[in-house]
Amino acid sequence: MTTAQLLIDELRSRNQTIAFCESLTAGLAAATLADVPGASDVLVGGLVTYSAQLKTELAHVPADLIEEEGVVSAAVAREMARGARKVCGTDWAVALTGVAGPGAQDGMPAGTVWIGLAGPKWTASSQAAELLDSEAGRYALVDGHATPVRVLAGSRNEIRRRAVEAALVGALTGVREQN
């Protein structure tokens, strides 16, 4: 059974809904969930906020936070999820922000992806590479970090697909852990 099917089943069993706020994946996560029959029981919709301006306008991410942290950050991922949950009126929202590549963006290497998750009781963020098996990632040097950072491995499209899987894994874990 796929992670998408497991997430749908888990949400359905709890009578809960989900939405997405996507940057680098541009709707791929919502589309992946929608590929599964029965997704309409739980999937409300989502926001595609590829630009920083739309992260602010649609997901209500504070512009000063984007200025301070950058769009590829844990804090922005959390605020994207929080904003999508509010705007879409769902129990859960998942956000994806990062660098698909092929090159770096704002000093962050390709494969740097943050997943935000907002639920009924809390909001959190995780690095996508930490949510998947080791073969899905690699280590990269990042300016300002003393040690290499774990990022998603692969081509632009592989990074996008792996980011979606990480988002679904993170959401499934969060939903299961919520009491």
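**Exercise 1. How many cavities of 30 Å³ or more does a search of the whole structure find?**

The model is predicted, with local features needing pLDDT of at least 70, side-chain atom pairs pLDDT 80 or more, and totals for chains, interfaces and linings using all residues. Residues are numbered from 1 along each chain as its sequence is written, and side-chain values use heavy atoms, without hydrogens and water.

Step 1. Apply the term: a cavity is a set of points, on a 1 Å grid over the protein atoms alone, where a 1.4 Å probe fits but cannot get out.
Step 2. The search finds one.

**Exercise 2. Which strand gives the most to the lining of the largest cavity?**

Step 1. Lining residues have an atom within 4 Å of a point. Among them are G111, Q127, R150, V151 and L152.
Step 2. Strands are DSSP runs (E, at least two residues), numbered from the N terminus. Strand β7 (residues 149-152) leads, with three residues.

**Exercise 3. Describe the aromatic pair of the structure.**

Step 1. Rings of Phe, Tyr and Trp (its six-membered ring) pair if their centres lie within 6.5 Å. The structure holds one such pair.
Step 2. The centres of W92 and W122 are 5.7 Å apart and the planes stand at 75°, so the pair is edge-to-face (over 60 degrees).
Step 3. W92 lies in strand β3 and W122 in the loop between β4 and β5, so the pair ties together parts 30 residues apart in sequence.
Step 4. W92, at 0% relative accessibility, is buried (under 20%).

Conventions:
On a 1 Å grid over the protein atoms alone, a cavity is a set of points where a 1.4 Å probe fits but cannot get out, and a pocket is an open set with protein on both sides within 12 Å along at least five of seven lines; lining residues have an atom within 4 Å of a point. Grid points are joined across faces, edges and corners, and a volume is the space filled by probe spheres set on the points. Helices (H or I, at least four residues) and strands (E, at least two) are DSSP runs, numbered from the N terminus. Rings of Phe, Tyr and Trp (its six-membered ring) pair if their centres lie within 6.5 Å; planes under 30 degrees apart count as stacked, over 60 as edge-to-face and the rest as tilted. Buried means under 20% relative accessible area, exposed over 50%, partly exposed in between (1.4 Å probe, protein chains only).
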